[in-house]
Every structure is written in C-alpha cells, then in structure tokens.
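Thanks for coming. I have one structure to go through today, and I will keep to what can be read from the coordinates.

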Amino acid sequence: MISVCNLEKRYGDFCAVTDVSFEVQKGEIVGLLGQNGAGKTTIMKMITGYLQPTKGKVTVGGFDGVADRQKAQQLIGYLPENAPLYPEMLVQEYLWMMAELRGIAPEKIHGAVSRAVLACGLSEKLVQPIGTLSKGYRQRVGLAQAILHHPSVLILDEPTNGLDPTGIHQLRDVLKKYAHEQGGAVMVSSHILSEMQLLCDRVGIINNGKLIKVCTMEELEKMNSSSRYILKVTDAQKTKELLSGNDKVSEIEVKDNIINAGIDEENIASIVRLLVTGGVDISEVKKNESSLEEVFLQVTGGGINIE
Ligand SMILES: Nc1ncnc2c1ncn2[C@@H]1O[C@H](COP(=O)(O)OP(=O)(O)O)[C@@H](O)[C@H]1O
Ligand SMILES: [Mg+2]
C-alpha cells in the first residue's frame, strides 16, 4: 500500500534522510523508531506529499507521490506531530469543519463524522471544547480528523507523545481495528521502544537518516529483553551474599534495595526460590528493558554514534 524506494532528503549539504526503502502492506501497522532528529518526520512528510524528496520514489496505493500527488493524498489520513487543534471549538464543530475542508460531500458529512467519532471513542465528548479535553482525548480528536475521509493509509507522527499508559492502550485498540479488521495500512513513529512494541507489527529502526534495520516484533522483543533482571528485595546485603558465586548470575549491581543482575530467563524462577528460601523477601521482579541506545548497538554492532 505504501512503497518507499531509495528515498533521500537533503537540506543544503545536510542529508536528513539517506537511501530509505521499505513497504507497508494492507492490514499492518509499521513503526518508525528512532531518536529525535533521526528523520522520522521527514520520511512521513515525504510519504504524505508535504515534502518533495531530493531523490527516490514514494507510491501510495499505486499512485506516485509526486506525479499523482493529489490522488495519493486522498488515500492518506495524516496526524502530524503537534497537530493544530482549535481549543475553543467543540469536538463536533471541529470535525464538521475538517470534513468540509477535506471536501467531503455535504450529505456525507454526518455519516463520516459519526463513523470517526465511534472509531475513536469520542461519543461522550462531542459538545466539549477541545481545550478542556485531556491529552489522550485531544489525540483522539486528531485521529478522528485523520480518518474522516475513510483513508486506506494512516500516518501518525509520534501519536503516543504525552499519552499515559491507558491512552496508549486505547490508541492501540483503535489502530489495530483500523489495520487488522478494516485492512488499512498504518504507519506510526516514536522514539520509545516499548511503545512501538505495543503498537506495531513491524518496526524500522532509523538512525541519522538511515534505515538500519526492519524487525519483526519477535526480533524486537529479543533485542528489548536483555538477560538482566531487576529485583526489589528486603535485604540487599544478604541477596548479594546468596547470589555471589552462583554461576547462573553475573554482574550484580546493588542500589539501596534494588538488585540489577544478569540472569537468563530460564533461571529466574530458581534464583527467586533460592533467595526466598534463604530468607530474602522479594516485592518485585522485572526484566530490565534495553534502552534504545543498547538496541542500536546490538543492531549495528556498535558502529554508529548516538547523539
Ligand atoms: N527544514 C529543515 N531544514 C534543515 N534541516 C531540517 C529541516 N527539517 C528537519 N531538519 C533536520 O533533519 C533531521 C531530521 O529531522 P526530523 O525528520 O524532524 O527528525 P525526527 O522526526 O526523527 O525527530 C534533523 O537533524 C533536523 O534538524
Ligand atoms: Mg519528528
């Protein structure tokens, strides 16, 4: 549905996006994961036709992003980073205005707005001024605006920014329905690995304008689960004594009553048993998530600079 081929964007001498190629099929949610300045927004703006590539080609639903720009754009719903919303407008007024601006025929506006409102769970907020909504609901208004014309491609730039975990789960439900049930092609960007894991079917990792790897969720999961665990214990000293010399445990770090140790997943249960029988109470056991930097290092073998 979306095809990006050898895409490049230069600003003067600076190459913001270099030789990026990937595809997004119908029915899948693909993420662009990268730190600030990696080039995510630039890639999305080239796909949506708001920026012209210096080199390379974008097609959306078979339409060339430059030659058939308008036809391609009709297929796309776009939620930019920090989408402008009018705080004094009611949700309903705003969505009607956006439907008119999008050129939806007057007799179809009611249906289009109702469908978007339902999909985004906004029924109870229709007559509330946008400025009084929580960040999560404002994001839903942005999303509703993006799907008014029933686009087959949805492009959302950092949609989880500022959302709490509930907001992120709700967004995930809306996107999954859109992609998996209705066959839309969805692209999202983020700099947060765990959010991408929640939202996406596949993820492209972007660094310094280059697509360094496209991963399945399984691969990403492996990268994100370093074999380290964090244990919250009652007696850190005793824990250290019990674990030291144990060949299933490596590199133990202790800070207050938090232990961070290298333990393989298959050994964590026996280590927890060992501590509990040794008289240490444990109030929390969690896997230590890798940071984006660590994942980049794994992907590239350490050959890149992270700003
Ligand atoms: N209009 C512009 N002129 C010059 N440089 C730009 C412009 N827009 C973006 N950039 C640069 O391109 C790089 C990629 O930016 P962007 O795509 O916004 O990254 P991201 O969305 O991943 O944070 C950054 O280094 C940014 O400063
Ligand atoms: Mg951006």
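Which residues surround ligand 1? Before I answer, please note that this is a predicted model. The residues around ligand 1 are Tyr-11, Phe-14, Ala-16, Gly-34, Asn-36, Gly-37, Ala-38, Gly-39, Lys-40, Thr-41 and Thr-42. Sorted by class, that shell has six polar residues, four nonpolar ones and one charged one.

Now the secondary structure behind that list. Two elements, strand E2 (14-24) and helix H1 (40-47), each give at least two residues to the shell around ligand 1. H1 has the largest share of that shell, with three residues.

Next, the overall division of the chain. The protein is split into domain 1, which covers 2-222, and domain 2, which covers 226-288. Between the C-alpha centres of the two domains there are 42 Å.

I will move on to helix packing, with two pairs that share H5. Let me take H5 with H6 to begin with. Helix H5 is residues 135-147, helix H6 is residues 165-181, and the two pack at an angle of about 20° with their axes 10 Å apart. Angles under 35 degrees count as roughly parallel, and therefore H5 and H6 are roughly parallel to each other. The crossing of H5 past H6 is right-handed. On the H5 side, the contact is made by Gly-136, Gln-139 and Leu-143, and on the H6 side by Gly-167, Gln-170, Leu-171 and Val-174. That contact of H5 with H6 has four polar and three nonpolar residues, and no charged ones.

The other pair is H3 with H5. At what angle do the axes of H3 and H5 cross? Roughly 25°, and the axes of helix H3, residues 91-101, and H5 come within 9 Å. H3 and H5 are therefore roughly parallel to each other as well. Their crossing is right-handed. H3 brings Val-91, Tyr-94, Leu-95 and Met-98 to the contact, and H5 brings Val-141, Ala-144 and Gln-145. By class, the contact of H3 with H5 has six nonpolar residues, one polar residue and no charged residues.

To put the two contacts side by side: H5 meets H6 through three nonpolar and four polar residues, while H3 meets H5 through six nonpolar and one polar.

Technical notes
Residues are numbered from 1 along each chain as its sequence is written. Chains are lettered from A and ligands numbered from 1 in the order in which they are written. This is a predicted model: local features need pLDDT of at least 70, side-chain atom pairs count only at pLDDT 80 or more; totals for chains, interfaces and linings use all residues. Axes are lines fitted to C-alpha atoms, for helices over the stretch in contact, and angles run from 0 to 180 degrees between N-to-C directions. Helices (H or I, at least four residues) and strands (E, at least two) are DSSP runs, numbered from the N terminus. Angles under 35 degrees count as roughly parallel, over 145 as roughly antiparallel, 65 to 115 as roughly perpendicular and the rest as oblique. A crossing is left-handed if the near helix is turned anticlockwise from the far one by less than a right angle, and right-handed if clockwise. Two residues are in contact if their C-beta atoms, placed from the backbone, lie within 7 Å. Ala, Val, Leu, Ile, Met, Phe, Trp, Tyr, Cys and Pro count as nonpolar, Asp, Glu, Lys and Arg as charged, and the others, Gly among them, as polar. Domain bounds come from an automatic or database domain assignment. A residue is near a molecule or strand if its C-beta atom, placed from the backbone, lies within 6 Å of it.
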